[in-house]
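Which helices pack against one another, and what lines the pocket?

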Amino acid sequence: MSEDTAPPPAVDTVIIGAGPVGLFQIFELGLLGIGAHIIDSLPQPGGQCTELYPDKPIYDIPALPICGAQELIDRLLAQAKPFNATFHLGQEVTELRRLESGRFHVATATGTRLDAGAVVIAGGVGSFQPRRLSIPGVEAFEGTHVHYRVKAGKDFSGHDLVICGGGDSALDWTVALCEKARSLTLVHRRSEFRAAPATVAKMHELVAAGKMQLLEGNVVEIAHDNESPVRLHVRSGDGVVRRLGADHVLAFFGLHPKLGPIAEWGLQLEKRALLVDTEKFQTNVPGIFAIGDINTYPGKKKLILSGFHEAALAAFAIQHHLFPEKRQFLQYTTTSPIMQKRLGVAGEHAG
Ligand SMILES: Cc1cc2nc3c(=O)[nH]c(=O)nc-3n(C[C@H](O)[C@H](O)[C@H](O)COP(=O)(O)OP(=O)(O)OC[C@H]3O[C@@H](n4cnc5c(N)ncnc54)[C@H](O)[C@@H]3O)c2cc1C
C-alpha cells in the first residue's frame, strides 16, 4: 500500500491551533491519559502571544503577577512536555469531516492526514495575516527590510527606522525603540492615533525632545538607493512627497481577521465564532469541541484564563466521548498517584 492510500493513523485527539489555549488542552487531556496531535498553520507554537506581542507583559494570568507573552508560551510548553504531544507546525488544517464510524478525518494543506476520536478547535482568530504595505514592489523588501512584526526589539538597535501605523503596536514599538534606534520616524496617515493616550503623549514628548520625527502621510513608493537599503516616498495631505531613507521599515496596520477553512466545516457560527455549550464546550457536532477565542456562548470573554477553564471542562467531556463506559471522578494532581505517574513525578515528593 502506498503512503497516499494507507489509512491515516488513528489518534485519540487532534487539537487545531497551538496558541496558549490549545497548548493547555494538551496538558488537561494528558492528565486524563488522553494523547494529542496538535496542528498550527504558523511555524511556531504560541498563537497571538508569540506572533503579535511576544515581549509584552501579561498581568492577568492567575498566580503569575507578571509574565511575558513568550514566557507564558514557554511555560505552557514545559508544563505539557510530559505528555509528548505530536506537533505539526506550518500546516493549515483545511479539512475536517465526521466519518460514519463517528471518528473524524483531519487533513492539512501539506498532506498530513489523521483519523481522530475527537477534535478540539482552538483556532483563535483563525489563520491571521498581518495587513501588508500596499505599494508596488514591496515583496522584494519583506522579511529583510520591511517587517510586520518584531521578534526581538534588539534586532533594530542602532539602525535608522521608519515605523508606519497609528495603533497600539505602532506606538508601543515607537516608544520602545526610539532611544535604541539611530534615528526613528513614525509615519501615520492622519494626526489622530488609535493607541493608548499615555503612549501617544509619550511619543509627542519624544518628538518635542528632538529624539524622533513624526510625519503625516501615506507611503506611496519604495526603492533601493545608494545611501540606504530602503528609500520610502511619503505623500502628505498637501500633495508634497518626502523621501525617507531607512535600514528597516516596521509596518503595523493590524491583522486580517480570517476565519479560513474553519468556516467551511458545517459548524454552527455566531458572529464569526463557533457556538458551544458551557458544560462541554462542544460545537453542534458531537465530538468536535471549540475553546479559546474561536468560540462563543453567553457571557464569553476572550481572555486566556477563560480558555484555560474551557480546556479543563472540554477534556472531561472528551474523556466521556471517547470512553463512555468509564466512570469519571475528579482527582487532584497533588494527591493522585496515576496523574503523578502520567506527569512523570511519581514518588518525587513522597512522605
Ligand atoms: C496585543 C494583545 C494583548 C493581549 N493581552 C492579553 C492579556 O493581557 N490577557 C489576556 O488574557 N489576553 C490577552 N490578549 C488576548 C489573548 O492573546 C487571546 O485571548 C489568546 O491568544 C487566545 O488564545 P487561543 O489559543 O484561543 O488563540 P490564538 O492565540 O489566536 O491561537 C490560535 C492558533 O490557531 C491557529 N489556527 C487557526 N486556524 C487554523 C487552521 N485552520 N489550521 C491550523 N492552525 C490554525 C493560528 O495560527 C493560531 O496560532 C491579548 C491580545 C493581543 C493581540
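A crossing of two helices is called right-handed if the near helix is turned clockwise from the far one by less than a right angle, and left-handed if it is turned anticlockwise. In that sense, α1 passes α6 in a right-handed crossing. The model discussed here is predicted. Two packed helices are described by the angle between their axes and the distance between those axes.

**Helix α1 with helix α6**

- Helix α6 spans residues 304-322, and its axis lies 9 Å from that of α1, at an angle of about 35°.
- On the α1 side, the contact is made by Pro20, Val21, Phe24, Gln25, Glu28 and Leu29.
- On the α6 side, the contributing residues are Ile304, Gly307, Phe308, Ala311, Ala312, Ala314, Ala315 and Ile318.
- By class, the contact of α1 with α6 comprises 11 nonpolar residues, two polar and one charged.

**Helix α1 with helix α3**

- Helix α1 (residues 20-31) also packs against helix α3 (residues 69-80), with the axes 8 Å apart and an angle of about 20°.
- Because angles under 35 degrees count as roughly parallel, α1 is classed as roughly parallel to α3.
- The crossing of α1 and α3 is left-handed.
- Pro20, Leu23, Phe24, Ile26 and Phe27 of α1 meet Ile73, Leu76, Leu77, Gln79 and Ala80 of α3.
- This contact of α1 with α3 consists of nine nonpolar residues and one polar residue, with no charged residue.
- Pro20 and Phe24 of α1 take part in the contact with α3 and also in the contact with α6.

**Helix α4 with helix α5**

- The axes of helix α4 (residues 168-178) and helix α5 (residues 197-208) come within 9 Å and cross at roughly 40°.
- That angle makes α4 oblique to α5.
- The crossing in which α4 passes α5 is left-handed.
- Helix α4 contributes Leu171, Asp172, Thr174, Val175 and Cys178 to the contact, while α5 contributes Thr199, Val200, Lys202, Met203 and Leu206.
- Six nonpolar, two polar and two charged residues form the contact of α4 with α5.

**The second largest pocket**

- The second largest pocket holds about 270 Å³ of space.
- Its lining is made up of 15 residues, of which Leu133, Arg189, Asn218, Val219 and Phe253 are the closest to the pocket centre.
- Strands β12 (183-188) and β14 (218-223) each supply at least two residues of this lining.
- By class, the lining has six nonpolar, six polar and three charged residues.

How values were computed
Residues are numbered from 1 along each chain as its sequence is written. This is a predicted model: local features need pLDDT of at least 70, side-chain atom pairs count only at pLDDT 80 or more; totals for chains, interfaces and linings use all residues. Side-chain values use heavy atoms; hydrogens and water are left out. Axes are lines fitted to C-alpha atoms, for helices over the stretch in contact, and angles run from 0 to 180 degrees between N-to-C directions. Helices (H or I, at least four residues) and strands (E, at least two) are DSSP runs, numbered from the N terminus. Angles under 35 degrees count as roughly parallel, over 145 as roughly antiparallel, 65 to 115 as roughly perpendicular and the rest as oblique. Contact means heavy atoms within 4.5 Å. Ala, Val, Leu, Ile, Met, Phe, Trp, Tyr, Cys and Pro count as nonpolar, Asp, Glu, Lys and Arg as charged, and the others, Gly among them, as polar. On a 1 Å grid over the protein atoms alone, a cavity is a set of points where a 1.4 Å probe fits but cannot get out, and a pocket is an open set with protein on both sides within 12 Å along at least five of seven lines; lining residues have an atom within 4 Å of a point. Grid points are joined across faces, edges and corners, and a volume is the space filled by probe spheres set on the points.
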